[in-house]
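Subject: Structure handover

Dear colleague,

Here is the structure for you to take over. My notes come after it.

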Amino acid sequence: MSTPVKKVPIHLQSAQNRVYIKNGQIVNHDKTFKADVYIEDGIIKFVGPAADITVPGGVRTIDASGKLIIPGGIDPHTHMQLPFGNAVAVDDFYHGTKAAVAGGTTMIIDFVLPNKNESMIEAYDKWRSWADPKVCCDYALHVGITWWSKSVSDEIGILCKELGINSFKTFMAYKGLYQLNDSELLDVFERIRGLNAVAMVHAENGDIIAKNAKRLLAEGITGPEGHELSRQEEVEAEAVHRACILAHQVDCPLYVVHVMSKSAGIEVARARQRYRGKYIYGETLAAALGTDGTHYRCQHFGHAAAHVLSPPLRPDKTTPEFLMKLLASNDLQTTGSDNCTFNKKQKELGLGDFTKIPNGVNGVEDRMSLVWERGVHSGLMDPCKFVAITSTNAAKIFNIYPKKGRIANGSDADIVIWDPQATRTISKDTHHHACDFNIFEGMTVHGVPEYVLVRGRICAENGEVRVAEGFGRFIPTPLRPPFVYDSIEGKQEQEGEGQEVARDEQVPLNGSVTKKLAELDVHVAEIEPPSAMFSGNPTPSVASSGVGRVDGKRDMQETSFSLSEELDKSGVRSSIKVHNPPGGKSSGFW
């Protein structure tokens, strides 16, 4: 005799945010399963079979048949309304977060960037005053360490213990503006480690960039192509290598922002292998996955300048797929947008001098669909990995998981109902940004958010975006993220490293998940270091994450992916040959 199912009654105390999602397939980073979801007052109250819940009347019901129910995206790298010389990024906290929600991102993490000698606390208050009245979705903040002194060290402690900050960005570029030397970086990393916080680094050799920029301008190379020529791949890779070693010397976890090149990605992969998945985390950008640096050679200044960001896009057209494979194999962990948009007139501030072009591109709206297109639809990763790299990993690293980044009882109802088969064509004419250019113009992508819920409120529905200015909240990021520090302190093996991912059933997308990413044959062990300066370093192999792939429009098993072979295919650079070190008149802070 079967035991009758006991249904869970839902007792409503309020009429706010009552939503019932039925018949969907839930996708978390570690598992997929069929279940219904009930939301009340911005919180997920129930996840389970329909038979186990009694839904009251007067509730908005959404039928998600054939769709995926995924955690809202978390973009860990944005710069809304950032001041830049005589310009301010045109996506303020309203337009920027509206664009984010339109694309399925329900939380951003922006950067407080104090001026040199400015109080970090005063800068933090300024950013809060800009963001709080405008944000349409929840947000958190990183804080930049743009100079070093005892007062800065003291303020880091206040930010951590009283103001909800657990992550601090350092700069190895922007000589004379934000760049810290190695001794200062060691002191900063040591202070961050002492507080159980997370260090971040913009890794480019600023001394080399400064010298290269000066030389290029003297030789008459003044256009946007000079931006990439002044800070080539090896300039980024050298700094990544050095930053990882510096952080490890003081036992400090390090998050490498915007990895933009193969060589830099290899250095992150090698460091993670060297330290067995501890200490080092890597982020790449929607821009790096969706386009390339050949645009810098466009004869139209406006088009070329619109692609300028730092580190720059790389002319090697195989870079986007290479970086996506590093994400698929867990050598990189997150995708951000570095969203920092400027209009045509603002970009023209750099006419005649590429160092004065405001650095920054769009990406916060298109990040989710672009990663789905280039990752899942192409067959490189499955939906669970997609959720990890667009949401859950960021939530874990910055210690807001499982409040964010998971579909589970008690989590915030930041939810996207995702249509994996729908397509849309990206265009500046239809995007929700305030800028007049889109670097992904004309690209058709699979994977579209049909509904976007921010804390239980339906903010996007079938292409219609209805957001409320100031609805978002500031989310404190607590110290000592377990995902980061349990691994460092040896309390447990890092989650997901070498472990099989459990799933209740396969997601019905583009076929079944039948192959392992190990079959992509990612061999870091085979590569030669990107610069002779690394000749004495170990070159360990990178372990596969063990996550399966979804069959897509291409059969990725037809090729064997080798980092050494990929690097060997790099074309001859149209360069000025530069052997000196980086810096550049800083045009941007990201």
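Below are the conventions, then the overall figures, then the local findings.

The model is predicted, with local features needing pLDDT of at least 70 and side-chain atom pairs counting only at pLDDT 80 or more, while totals for chains, interfaces and linings use all residues. Residues are numbered from 1 along each chain as its sequence is written, and side-chain values use heavy atoms, with hydrogens and water left out.

Overall figures

The protein has 16 helices and 23 strands; these are DSSP runs numbered from the N terminus, helices being H or I with at least four residues and strands E with at least two. Of its 590 residues, 62% are buried (under 20% relative accessible area, with exposed over 50% and partly exposed in between; 1.4 Å probe, protein chains only). The exposed surface comes to about 20600 Å², of which carbon and sulfur atoms supply 48% (Shrake-Rupley method, 1.4 Å probe; for residues, only the protein chains shown count as cover). Among contacts between residues at least 6 apart in sequence, 81% join residues at least 24 apart (a contact means heavy atoms within 4.5 Å).

Strands

Strands β3 (residues 32-40) and β4 (residues 43-48) run antiparallel and are joined by 5 bridges; two strands pair if DSSP finds at least two bridges between them. Asp-36 stands opposite Gly-48 in β4. The hairpin of β3 and β4 has 2 residues between the strands, and Asp-41 takes a positive phi near 50° there.

Strand β8 (residues 73-78) is mostly covered, with 6 of its 6 residues buried. β8 pairs with strand β11 (residues 105-112) in the parallel sense, over 4 bridges. In this pairing Ile-74 stands opposite Met-107 in β11.

Thr-97 and the cysteines

Thr-97 sits in helix α1 (residues 93-102). With a relative accessible area of 0%, Thr-97 is buried. Not counting residues up to four places away in sequence, Thr-97 touches Asp-92, Ile-108, Lys-134, Val-135, Cys-136 and Cys-137. A polar atom of the Thr-97 side chain lies 2.9 Å from the backbone nitrogen of Cys-136 (a polar contact is a pair of N or O atoms within 3.5 Å; within protein, one must be able to donate a hydrogen and the other to accept it, and residues adjacent in sequence count only if both atoms are side-chain atoms). The C-alpha atoms of Thr-97 and Glu-365 are separated by 8.7 Å, although the two are 268 residues apart along the chain.

Taking a disulfide as a pair of cysteine sulfur atoms within 2.5 Å, the count is 0 disulfides. Cys-137 is in no disulfide, and the nearest cysteine sulfur, that of Cys-136, is 7.0 Å away. Cys-137 counts as buried because its relative accessibility is 0%. Cys-160 is also buried, at 8%.

Thr-146 lies in the loop between β12 (138-144) and α3 (150-162), and is buried with a relative accessible area of 2%. The backbone oxygen of Pro-114 is 3.0 Å from a polar atom of the Thr-146 side chain.

Lys-169 is in strand β13 (residues 167-171). Its relative accessibility is 0%, so Lys-169 counts as buried. An unreviewed UniProt entry places the feature "modified residue: N6-carboxylysine" at Lys-169; UniProt positions are given in the numbering used here, feature names are shortened, and annotations may be inferred rather than shown by experiment.

Regards
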